[in-house]
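Please look over the sequence and the model, then read the points below.

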Amino acid sequence: MGTTGTRPTEIAYLAGFFDGEGCVLYDRITVDNTNPYILEKFYLVWGGRISEKGDTSRSPNSRTCYRWHCHGGHARKAATDMIPYLEEKKQQAEILLTVINYPPSSEMRKYHLKQLKNLKR
């Protein structure tokens, strides 16, 4: 696990995928998809965790959805690596890098989380 030896084109591909399917949430990043293979790539590069996303409202014909997520140092590394390739979520990833430097109850963290929330509108 880690970006050592990972090709820049693979990082760019994952960043593009994250731009379309990912989410920045407070101090973590997530990607949801029905293809666990692609989420395995995120895991192999940046660590974190892959889990089945529980959804009791699914129809009988729907496919299982999976989620890759990471926080803390893993999220910091993933965001840092992807930022050069991001378009839609670039500002959100930059805010994540700022947010994780502050304690959870600090005013600066609250301020930056409010900025993050406003970007998602």
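Is Phe 17 buried or exposed? Phe 17 has a relative accessible area of 19%, under the 20% cut-off, and therefore counts as buried. The model is a predicted one.

- Helix H1 covers residues 8-21, which is 14 residues.
- From its first C-alpha to its last, H1 reaches 20 Å, close to the 20 Å expected at 1.5 Å a residue.
- The buried residues of H1 are Ile 11, Leu 14, Ala 15, Phe 17, Phe 18 and Asp 19.
- Setting aside neighbours within four places in sequence, Phe 17 is in contact with Gly 22, Val 31, Asn 33, Ile 38 and Phe 42.
- Between Phe 17 and Ile 38 there are 21 residues of separation in sequence, and their C-alpha atoms are 9.1 Å apart in space.

**H1 against H2**

- Two packed helices are described by the angle between their axes and the distance between the axes.
- The axes of H1 and H2 come within 11 Å and cross at roughly 125°.
- That angle makes H1 oblique to H2.
- The crossing of H1 past H2 is left-handed.
- On the H1 side, the contact is made by Glu 10, Ile 11, Tyr 13, Leu 14, Phe 17 and Phe 18.
- On the H2 side, the contact is made by Ile 38, Lys 41, Phe 42, Val 45 and Trp 46.
- Sorted by class, the contact of H1 with H2 has nine nonpolar, no polar and two charged residues.

**H3 against H4**

- The axes of H3 and H4 are 9 Å apart, and the two helices pack at an angle of about 145°.
- H3 passes H4 in a crossing that is left-handed.
- From H3, Ala 75, Arg 76, Ala 79 and Thr 80 meet Ala 93, Leu 96 and Leu 97 from H4.
- By class, the residues of the contact of H3 with H4 are five nonpolar, one polar and one charged.

**H4 against H5**

- H4 and H5 pack with their axes 9 Å apart, at an angle of about 165°.
- The two helices, H4 and H5, are therefore roughly antiparallel to each other.
- As H4 passes H5, the crossing is left-handed.
- H4 brings Gln 91, Gln 92, Ile 95, Thr 98 and Val 99 to this contact, where they meet Arg 109, His 112, Leu 113, Gln 115, Leu 116 and Leu 119 of H5.
- The contact of H4 with H5 divides by class into five nonpolar, five polar and one charged residues.

- Gln 92 is found in helix H4, residues 90-99.
- With a relative accessible area of 7%, Gln 92 is buried.
- Not counting residues up to four places away in sequence, Gln 92 touches Val 24, Leu 116, Leu 119 and Lys 120.
- Arg 109 lies in helix H5, residues 107-119.
- Arg 109 counts as buried because its relative accessibility is 9%, and the cut-off for buried is under 20%.
- Leaving aside neighbours within four places in sequence, Arg 109 is in contact with Asp 27, Val 99, Ile 100, Tyr 102, Pro 103 and Pro 104.

**Residues in loops**

- Pro 104 is in the loop between H4 and H5.
- Pro 104 is exposed, with a relative accessible area of 68%.
- Pro 104 is among the residues in contact with Arg 109.
- Pro 104 and Ser 59 are 45 residues apart in sequence, and the distance between their C-alpha atoms is 38 Å.
- Tyr 26 has its place in the loop between S1 and S2.
- Most residues other than glycine have a negative phi.
- Tyr 26 is not a glycine, yet has a positive phi of about 50°.

Conventions:
Residues numbered from 1 in each chain as written. Predicted model: local features only at pLDDT ≥ 70, side-chain atom pairs only at ≥ 80, totals over all residues. Heavy atoms only, no water. Helix = DSSP H or I, 4+ residues; strand = E, 2+ residues; numbered from the N terminus. Buried < 20%, exposed > 50% of the residue type's maximum accessible area, 1.4 Å probe, protein only. Contact = heavy atoms within 4.5 Å. Expected span 1.5 Å × (residues − 1). Axes fitted to C-alpha atoms, helices over the stretch in contact; angles between N-to-C directions. Parallel < 35°, antiparallel > 145°, perpendicular 65-115°, else oblique. Left-handed = near helix turned anticlockwise from the far one by under 90°. Nonpolar A, V, L, I, M, F, W, Y, C, P; charged D, E, K, R; others polar.
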